[in-house]
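Please examine the sequence and the three-dimensional structure shown below.

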Amino acid sequence: MNRDSDGRSPTPLHSVSVAGAVIREDGRMLVIKRRDNGNWEPPGGVLELDETPQEGVVREVLEETGIHVEVEQLTGVYKNMTRGVVALVFRCKPSGGEEHPTSEATAVEWLTPGEVKKHMGEVYSIRLIDALDLSFAHVRTHNGKIVSPSQ
């Protein structure tokens, strides 16, 4: 754990990531099967220091899927309480490109909301399902596997 310059109190560290809830006109949602862990997730990754969250989403979706997107709105903030990762999820619409496997994704698919719930873990599927609700941005916490109750 890092300590402040006085050497006494711990300084909490967080990582900020961004993800795209890319939704086509037919309601299908863009997901990847990650090469590093085999999980189905929305495309996304660590936000770089020199980019805005919106720029990060555009970059990550393109790098991981081959799809160009336009960012529409923030739909959720999700914190992994175990790892200290804060994820900002943005609803996006595809604007070009063609999906294909990449160095980070062994597969890229367009799933229905029902398929998302069936094939993805709870902490990732909720991010896409929340993006269907445009009334407000959701704020949720989880432990890496289960979303905390009453959220």
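Of the 151 residues of the protein chain, 40% count as buried; buried means under 20% relative accessible area, exposed means over 50%, and partly exposed lies in between, with a 1.4 Å probe and protein chains only. This is a predicted model, in which local features need pLDDT of at least 70 and side-chain atom pairs count only at pLDDT 80 or more, while totals for chains, interfaces and linings use all residues. Residues are numbered from 1 along each chain as its sequence is written, and side-chain values use heavy atoms, with hydrogens and water left out.

The overall dimensions come next. The C-alpha trace of the protein chain spans about 55 × 35 × 30 Å along its principal axes.

The secondary structure comprises three helices and eight strands. These are DSSP runs, numbered from the N terminus: helices are H or I with at least four residues, and strands are E with at least two. Along the sequence, the protein chain follows the pattern β-β-β-β-α-β-β-β-α-α-β.

How do the strands pair? Two strands count as paired if DSSP finds at least two bridges between them. Strand S5 (residues 67–80) pairs with strand S6 (residues 85–97) in the antiparallel sense, over 12 bridges. Within this pair, Glu70 has Lys93 in S6 as its bridge partner, and Gln73 stands opposite Arg91 in S6. The hairpin of S5 and S6 has four residues between the strands, and Gly84 takes a positive phi near 75° there. S5 also runs parallel to strand S8 (residues 138–142), to which five bridges join it; Asn80 stands opposite His142 in S8. S6, in turn, pairs with S1 in the parallel sense over eight bridges, and Val16 stands opposite Val86 in S6. In a regular strand, the side chains alternate between the two faces of the sheet.

Charged side chains provide further contacts. A salt bridge is a side-chain nitrogen of Lys or Arg within 4 Å of a carboxyl oxygen of Asp or Glu, and by this rule the count comes to 12 salt bridges. One of them joins Glu115 to Arg28, with the closest N and O atoms 3.2 Å apart. Glu115 lies in helix H2 (residues 113–119) and Arg28 in the loop between strand S1 (15–22) and strand S2 (29–34), so the pair ties together parts that are 87 residues apart in sequence. Glu115 is partly exposed, at 28% relative accessible area, and Arg28 is partly exposed at 26%.

Glu63 is partly exposed, with a relative accessible area of 35%, whereas Arg59 is buried at 16%. Salt bridges that share partners join Glu48, Glu51, Arg59, Glu60 and Glu63 into one network.

On a 1 Å grid over the protein atoms alone, a pocket is an open set of points with protein on both sides within 12 Å along at least five of seven lines, and lining residues have an atom within 4 Å of a point. Of the 30 residues that line the largest pocket, Arg34, Glu41, Arg83, Tyr124 and Arg127 are the closest to its centre. The elements that give two or more residues to this lining are S1, strand S3 (40–41), strand S4 (44–46), S6 and helix H3 (122–130).

Conventions:
On a 1 Å grid over the protein atoms alone, a cavity is a set of points where a 1.4 Å probe fits but cannot get out, and a pocket is an open set with protein on both sides within 12 Å along at least five of seven lines; lining residues have an atom within 4 Å of a point.
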